[in-house]
Amino acid sequence: MAATTTITKTAAVSIIMSKEHFRFRTRALLRLQSWLSPAFPTGSYSYSHGLEWAVEAGSVYDRKSLVDWLEADICYGSGRNEAIFFNETWRCALSEDRAKLFEIAELAAAFRGTSEFALESSQQAAACLATLRKVWPDRLLDWLSKTLCEHHVHASLAVVLGIRAARQGIPAGLALPAFLQSCIANLVTAGVRLIPLGQTDGQLAIAALEQAVLVAGAQARNATMDDLGSAALMVDLSSMAHETQYTRLFRS
């Protein structure tokens, strides 16, 4: 007789991060990994967030300059704003404050410095929302999809994943830095292709950005919508220039 293994639905994992103790079901951690995996069909590999022009212009040319560029964006630019949107969405999803959720979603959709950033955000978010609703259905995501469609508002990735993480019971202290790390990893992969760098250099860059991810996540958890803003002007300018760049591998 074949041996069988029984896994109870209440199986949980305890994680200690930055002096915080998180306890939640193991299945939730597996799902978070799936949602943030490069295999999740959002099309993230098609976007460089303006990095392609930065490489073309010579602003990013090696591992150190790549780390500096991405650190500035995540701490002072659009990455910082995405962290705030994610955290605010997570908070509102816990209490199902739908009026506030729509307000956040509407602002997140509009808070894009360039047309390419808007495309990058909306297309990934639409793909993410559609996949989540089919594979891991949730009534709050169903409401979000319907409401955004009725008001002709594009979805934002931070909002979609912020809601789903909260509904899955994943603490913001874990979900938020994991979300930021996945964004950084995608852009580092773009940098590896563009500069180009070796795979080991790519991993060294991701490792070098760990502290920036943790700091940006911690700051966002103490921030509100009033703290939104950007000082990473070169990132926005690189996106604008990318719109007319002659030879391109990426859509942004």
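Buried means under 20% relative accessible area, exposed over 50%, and partly exposed in between, with a 1.4 Å probe and protein chains only. Keep those cut-offs at hand for this tour of a predicted model, where local features need pLDDT of at least 70, side-chain atom pairs count only at pLDDT 80 or more, and totals for chains, interfaces and linings use all residues. Residues are numbered from 1 along each chain as its sequence is written, and side-chain values use heavy atoms, with hydrogens and water left out.

**Whole chain**

The protein chain has 12 helices and two strands. These are DSSP runs numbered from the N terminus: helices are H or I with at least four residues, strands E with at least two. The C-alpha trace spans about 60 × 50 × 40 Å along its principal axes. A compact globule of 252 residues would have a radius of gyration near 18 Å, and the protein chain agrees with 18 Å. That radius is taken over C-alpha atoms, and the globule rule is 2.2 Å times the number of residues to the power 0.38. Buried residues make up 50% of the 252.

**The core**

Select Leu-51, Leu-132, Leu-144, Leu-161 and Phe-179. Of the 76 residues in the largest nonpolar core, these touch the most other members. The largest share of this core, 12 residues, comes from helix H9 (residues 172-194). A nonpolar core is a set of buried Ala, Val, Leu, Ile, Met, Phe, Trp, Tyr and Cys residues joined through side-chain atoms within 4.5 Å. In soluble globular proteins, nonpolar side chains tend to be buried together.

Stay on Phe-179. Leaving aside neighbours within four places in sequence, Phe-179 is in contact (heavy atoms within 4.5 Å) with Leu-36, Glu-82, Phe-86, Leu-157, Ala-158 and Leu-161.

**Helix H8**

Now select residues 157-167. In helix H8, 10 of the 11 residues are buried. Among them are Leu-157, Gly-162 and Arg-164. What covers the buried residues of H8? The cover includes helix H1 (26-35), H4, helix H5 (98-110), helix H6 (115-135), helix H7 (139-150) and H9. Just after H8, look at Gly-169, which takes a positive phi of about 80°.

Move to helix H4 (residues 78-95) and pick Gly-79. Is Gly-79 buried or exposed? Gly-79 counts as buried because its relative accessibility is 13%. Not counting residues up to four places away in sequence, Gly-79 touches Asp-73, Ile-74 and Leu-180. Draw a distance to Arg-133: the two C-alpha atoms are separated by 25 Å, and the residues are 54 apart along the chain.

Next, take Lys-64 in helix H3 (residues 63-76). Lys-64 is exposed, since its relative accessible area is 59%. From Lys-64 to Thr-247 is 24 Å, C-alpha to C-alpha, across 183 residues of sequence.

**Backbone stops in the loops**

Go to His-49, in the loop between H1 and helix H2 (51-56). Phi of His-49 is near 60°, a positive value in a residue other than glycine. His-49 counts as buried, at 11% relative accessibility.

His-152 lies in the loop between H7 and H8. Phi of His-152 is also positive, near 55°. With 74% relative accessibility, His-152 counts as exposed.

Finish at Pro-196, in the loop between H9 and helix H10 (199-208). The peptide bond from Ile-195 to Pro-196 is cis, with omega near -10°.
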